[in-house]
Amino acid sequence: MFMFISLLMVLGSCEQEDTDMTLLVQGVLIADKTADGFRVSLIEDFTERAIADAVVSIHSENGDRIILDPHPDEEGRYYDADGSFIPQAGQSYRIEVRWREHRLQAETVLPPQIETVQVSATTIPIDPVNPGQPVFSVLWSDPPGVAQVLTLEVLETAPEIIPFEVQAGQFADRYNVPVAGQGTTLFDTDFEVYGNHRLTVYAIDQSYESVFFYQPGESGNVLTSGPENVRGGAGYFAGATRLEISMDIIE
């Protein structure tokens, strides 16, 4: 949905003894959300292959540990099947991946939890005859060293389209880069349909803000450059906190 930069990992900088085969991990640990979406693959001759039989574990600074399960519907994806491991804001975590002779690990610290400072009404009437109006504003806390990235989800299964005579649904284009400062204003044309929406503000270390905007290209998930904090392999392991706001767009 969102793209800020294609993360292409520099495979030549990895610490693998066999430079023709590199183990790759990708994942973001989000505070108060069970671990999911961690992907493990092997890069060989610049071709990526999903790995379904790796041992993937996450360790907290207080000694808690979880071994992630292979996802039944997606090869190479790992998750916390029983939801017993809940990351916390402000804590550090380590991921370890073992597959055959390959071993990799990485550490990350989840940023402080961001909080709502001020928010306007969340039931929002929209007049399609008079487009271009500001309809919602929010201010949030701004911890040092973090960047905010925003996503907007439609929660309706069969939403009714807002009959604008101008281009609408502009949120993705306006927020395809991190947001500067402590808040933002949404306009009516950021929305495309009526009904329930969820605005999520993610706080992530500025070094890894681009991972939220990575989208696989035509060649798949292969990454060739960008931020990397993995020892013994390639990829990224980042941490984030989030602030969610529910909104109802009405006629």
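**Close-up views of a predicted model**

**View 1. The two faces of strand β14.** In strand β14 (residues 183-187), T184 and L186 make up the covered face, while G183, T185 and F187 make up the uncovered one. Strands here are DSSP runs of E with at least two residues, numbered from the N terminus. Strand β12 (residues 134-140) pairs with β14 in the antiparallel sense, over 5 bridges; two strands pair if DSSP finds at least two bridges between them. Look for L186 in β14, the bridge partner of F136.

A word on how to read these views: this is a predicted model, in which local features need pLDDT of at least 70, side-chain atom pairs count only at pLDDT 80 or more, and totals for chains, interfaces and linings use all residues. Residues are numbered from 1 along each chain as its sequence is written, and side-chain values use heavy atoms, with hydrogens and water left out.

View 2. V146 belongs to strand β13 (residues 146-154). With a relative accessible area of 9%, V146 is buried; buried means under 20% relative accessible area, exposed over 50%, and partly exposed in between (1.4 Å probe, protein chains only). Leaving aside residues up to four places away in sequence, V146 touches P111, A203, I204, D205 and Q206, where contact means heavy atoms within 4.5 Å.

**View 3. An open sheet of 5 strands.** The strands follow the order β5-β4-β8-β9-β16, with antiparallel pairing. At the edges stand β5 (65-67) and β16 (230-231); each has a single partner strand, so one side of each is left without a neighbour in the sheet. Within the sheet, strand β8 (residues 92-99) and strand β9 (residues 102-109) pair in the antiparallel sense over 8 bridges. To find your place on this pair, look for R98, which stands opposite R103 in β9.

**View 4. A salt bridge between E107 and R231.** The side chains of E107 and R231 meet in a salt bridge, at 2.7 Å from N to O. This pair links distant parts of the chain, with E107 in strand β9 and R231 in strand β16, 124 residues apart. A salt bridge is a side-chain nitrogen of Lys or Arg within 4 Å of a carboxyl oxygen of Asp or Glu, and by this rule the count comes to 8 salt bridges. E107 is partly exposed, with a relative accessible area of 36%, and R231 is partly exposed at 34%.

**View 5. A salt bridge between R198 and E153.** The closest N and O atoms of R198 and E153 are 3.1 Å apart, and the two residues form a salt bridge. R198 lies in strand β15 (residues 195-205) and E153 in strand β13, so the pair ties together parts that are 45 residues apart in sequence. Both residues count as partly exposed: R198 at 24% relative accessibility and E153 at 30%.

View 6. R77 counts as buried at 18% relative accessibility, whereas E74 counts as partly exposed at 28%.

Notes. Helix = DSSP H or I, 4+ residues; strand = E, 2+ residues; numbered from the N terminus.
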